[in-house]
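Have a look at the model first, then work along step by step.

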Amino acid sequence: MTQQTLSIQTPDGTAEAYLTGEDGRPGVLMYVDAIGLRRQTRDMADRIASWGYVVLVPHVFYRDGSAADLEPEGDLREDGAREAFFASGVMDRIAALTPDRSGPDADAWVATLLEHAGDGPIGVIGYCMGARLALSTAGQFPGTVGAVGGFHGGGLVTDEPDSPHLAVAASTAEFVLGHADQDASMPLEAVETLERTLQEAGRPHLNEVYAGAAHGYSMADTSMYDEQAAERHTSELRALLERTIAPA
């Protein structure tokens, strides 16, 4: 298994991305959480690649600086550190990543992944705000995206005409979505709306709430980490990819 950093040309500049796995394997596009591309997300991508995939993790916040520039300086497992990091402008970066930017970016991410992946559909997964990007990418690339995994995603259902959940209808993917219990950014009413949308679109899916899990439960480098929920998500994700994009 090889790991490398790529430079990807987008309409707004050059973005770095982490690529891990062997060329010719089924492709997985992984969207990071709001904290960004860092050792934790690279390690998660390596784990997925070890199952037999080639995984691309783009630095979606490239407009705001390099991944190294935007990395937290402290240990987000310490009391108050995660909250302080989010108060340092993170939400502004998320708000600036609007669909008119993320859509053209996705064109570049998918094109790059397909240069390295084997034939067949790809998987797209996302964490936190990355789950929104995963849903939108599935709707943007029907017939190409065969699997979507979204974990502790926030804002998947809104009243806006570009709400991420509306992309489900255009997609051809199977979905596995694991929501954090009592997540203010994805309340139960939104989970129920998403469930109806998946059913109406006829998309195979798991759309579950992980009881007792906090938003960010999969990220071992933060105070939100929940080992039980994280391993549950890993098991569900691996099974999804095996069902949908792994070679027969």
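A charge sits over a ring if NZ of Lys or CZ of Arg is within 6 Å of the ring centre and within 35 degrees of the ring normal. The model is predicted, so to speak a computed one: local features need pLDDT of at least 70, side-chain atom pairs count only at pLDDT 80 or more, and totals for chains, interfaces and linings use all residues. Residues are numbered from 1 along each chain as its sequence is written, and side-chain values use heavy atoms, with hydrogens and water left out.

**Exercise 1.** Find which residue lies over the face of Tyr 18, and which ring has the charged end of Arg 93 over it.

Step 1: Over the face of Tyr 18 lies Arg 42, at 5.8 Å from the ring centre.
Step 2: The charged end of Arg 93 sits over the ring of Phe 61, 5.7 Å from its centre.

**Exercise 2.** Count the aromatic pairs, then classify Phe 85 with Phe 86 and Tyr 210 with Tyr 217.

Step 1: Rings of Phe, Tyr and Trp (its six-membered ring) pair if their centres lie within 6.5 Å; planes under 30 degrees apart count as stacked, over 60 as edge-to-face and the rest as tilted. This rule gives four aromatic pairs.
Step 2: Phe 85 and Phe 86 have ring centres 5.9 Å apart and planes at 90°, so they are edge-to-face.
Step 3: For Tyr 210 and Tyr 217 the centres are 5.2 Å apart and the planes at 35°, so this pair is tilted.

**Exercise 3.** Are Tyr 210 and Tyr 217 buried or exposed?

Step 1: Buried means under 20% relative accessible area, exposed over 50%, partly exposed in between (1.4 Å probe, protein chains only).
Step 2: Tyr 210 has 2% relative accessibility, so Tyr 210 is buried; Tyr 217, at 0%, is buried too.
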